[in-house]
Amino acid sequence: MIKTICCIGAGYVGGPTMAVIALKCPDITVNVVDLSQTRIDAWNDRDLNNLPIYEPGLIEIIHKCRGRNLFFSTEVDKAIEDADAIFISVNTPTKAYGVGKGQAADLKYIELCARQIAEVATTPKIVIEKSTLPVRTAEAISNILKNTGNGVDFQVLSNPEFLAEGTAVQDLLYPDRVLIGREESKEGKKAAQTLVDIYKNWVNEDKILTTNVWSSELSKLTANAFLAQRVSSINAMSELCEVTGADVNEVAKAIGADSRIGSKFLKSSVGFGGSCFQKDILNLVYIAKSYGLKEVADYWEQVIILNNHQKRRFASNIVKTLFNTVSGKDIAILGWAFKKNTNDTRESAAIYISNELLKERAELKVFDPKVTKEQIFSDLDRLETRTEEENKSLVSVVEDPYEACENAHAVAVLTEWDEFNGYDWEKIYRSMKKPAFVFDGRALLDQEKLEEIGFATYKIGKG
Ligand code: UDX
Ligand code: ADP
């Protein structure tokens, strides 16, 4: 029986996942640990509006469980030692150096965790990989634990997370399925059952699937690749719709009504972002290539190529429409997060599109309801296209959407925040330079209404 859980990594995955486990299993103590003192301080902030991540419904759960059976700290060793089960939920970014640069997942954080667990643990542990990992990582973790440990028994399980940001709490409370990968041995099956027993507290048993470890690891990459592929497929059609006079939203509705296709993940956009899709596909491509499967690798790589194309063509369309020059022109950027209802900006299309506009010397005024000014500048500075001073002189981040649009030549809608629809667009129109343009990269706004007001509009996927 599990009495104490430790989760290493208090990020977008570890934080909400552990909050829901603590909520649903009041008899289990859940210790979430992280190297970052700032992040842990934010999780412990008395003002729940200062939690490090924004997810609808999360504040209520933290309010109920924090200090009861949910704890956040930087005392990693102690949490490892106290735990019966350890979730590894650290980041696995795409490798930025050496072999596999730009494609393979960087496993250094995972390896450090495994070594630390091996060093510290003196009682048997179940170690659960939660981070998205390339196939056969569990084997590597297992190897490190068994060869560097103190002779303690470790069972390694793979339990990939399928939550989507912005709906994390709902996805965790009502998952389509829970996937647990385990070794075929008697001990492996026993460890998996222990984890099944935790999830059974709120998930129907027929939704809890157990597989071998490799199937579980590969299923996560495959699920994300299939989802991203749908977005790239509809985005490919968006370009065709624009040149032929069709409307991609009408096409999406028509094809989504076919129950074999289904209506989800058919929304055309400025391109997908987020920490998973690109990373996981690059990873899949890398794995396929490393086994010499060129056609398989090329097939999936095309999903990324199309996504990059979608971002690039949106930016160049703005430049082209604004009479082929945006130099010195103010452009309002509405939305910086990679999707609505999150403050996460990893791989957000807004970063790429803004960078393209800045290369043309546009001046940007950015507004996002949840992303901080520091985050926006850090995203731009990390590109190393311009110095920090240059970014500061070309970009301002404002807290009022109307201020972002004032005197602008154009507004670009890059995240589908619901509130953008409720703005006083007549007021925005009056405050802008004429002709006033709206480039709607999310097909979010009422185009007819905008045109009635006087705006010149571009809506993604509409010819
Ligand atoms: C994804 C997977 O959905 C989730 O199961 C996995 O655990 C992690 O990766 P996430 O990246 O949080 O989740 O969000 P998701 O809703 O999948 O959106 C990813 C990107 O695709 C966003 O930029 C979103 O705007 C875009 N998207 C999504 C579209 O452009 N069109 C769509 O129809 C759906
Ligand atoms: P994800 O979206 O996968 O949750 P995040 O980057 O939001 O990714 O969170 C991962 C967290 O893991 C970060 O807060 C980082 O500080 C933490 N982390 C990375 N390596 C370690 C480690 N060895 N020990 C503790 N925490 C770690």
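The exercises below work through a predicted model of one protein.

Local features are given only at pLDDT of at least 70, side-chain atom pairs only at pLDDT 80 or more, while totals for chains, interfaces and linings use all residues. Residues are numbered from 1 along each chain as its sequence is written, and side-chain values use heavy atoms, with hydrogens and water left out.

**Exercise 1. Overall form**

Task: Compare the radius of gyration of the protein with that of a compact globule of 463 residues.

Solution: 
- Step 1. The radius is taken over C-alpha atoms, and the globule rule is 2.2 Å times the number of residues to the power 0.38.
- Step 2. The rule puts a compact globule of 463 residues near 23 Å; the protein has 23 Å, so the two agree.
- Step 3. The C-alpha trace spans about 70 × 50 × 45 Å along its principal axes.
- Step 4. The chain forms 18 helices and 14 strands, counted as DSSP runs (helices H or I, at least four residues; strands E, at least two) numbered from the N terminus.

**Exercise 2. Burial, contacts and charge**

Solution: 
- Step 1. Buried means under 20% relative accessible area, exposed over 50%, and partly exposed in between, with a 1.4 Å probe and protein chains only.
- Step 2. A contact means heavy atoms within 4.5 Å. Among contacts with a separation of 6 or more, 75% join residues 24 or more positions apart.
- Step 3. The accessible surface is about 21,000 Å², and carbon and sulfur atoms hold 51% of that area; the method is Shrake-Rupley with a 1.4 Å probe.
- Step 4. Lys and Arg count as positive, Asp and Glu as negative, without His and the chain ends. Each charge is placed at NZ of Lys, CZ of Arg, CG of Asp or CD of Glu. The mean positions of the 56 positive and 66 negative charges lie 2 Å apart.

**Exercise 3. Gln-310**

Task: Is Gln-310 buried or exposed, and which residues does Gln-310 touch?

Solution: 
- Step 1. Gln-310 belongs to helix H12 (residues 294-321).
- Step 2. Its relative accessible area is 1%, so Gln-310 is buried.
- Step 3. Leaving out residues up to four places away in sequence, Gln-310 touches Asn-235, Ser-238, Ser-268, Ser-269, Val-270, Gly-271 and Ile-460.

**Exercise 4. Cysteines**

Task: How many disulfides are there, and where does Cys-276 lie?

Solution: 
- Step 1. A disulfide is a pair of cysteine sulfur atoms within 2.5 Å. By this rule the count is 0.
- Step 2. For Cys-6, the nearest cysteine sulfur is that of Cys-7, 6.9 Å away.
- Step 3. Cys-6 is buried because its relative accessibility is 0%; Cys-405, at 1%, is buried too.
- Step 4. Cys-276 sits in the loop between helix H10 (248-256) and helix H11 (277-290). With a relative accessible area of 23%, Cys-276 is partly exposed.
- Step 5. Beyond four places in sequence, Cys-276 touches Thr-132 and Asn-224.

**Exercise 5. Backbone**

Task: Which residues does the cis peptide bond join, and what is phi of Phe-323 and of Asn-324?

Solution: 
- Step 1. Most residues other than glycine have a negative phi, and most peptide bonds are trans.
- Step 2. Lys-434 and Pro-435 are joined by a cis bond, with omega about -5 degrees. Pro-435 is in the loop between helix H17 (425-431) and strand S13 (437-440).
- Step 3. Phe-323 has a positive phi near 60 degrees, and Asn-324 a positive phi near 65 degrees.
- Step 4. Phe-323 lies in the loop between H12 and strand S9 (330-334), and Asn-324 lies between H12 and S9.
- Step 5. Phe-323 is exposed at 57% relative accessibility, and Asn-324 is exposed at 59%.

Conventions
Chains are lettered from A and ligands numbered from 1 in the order in which they are written.
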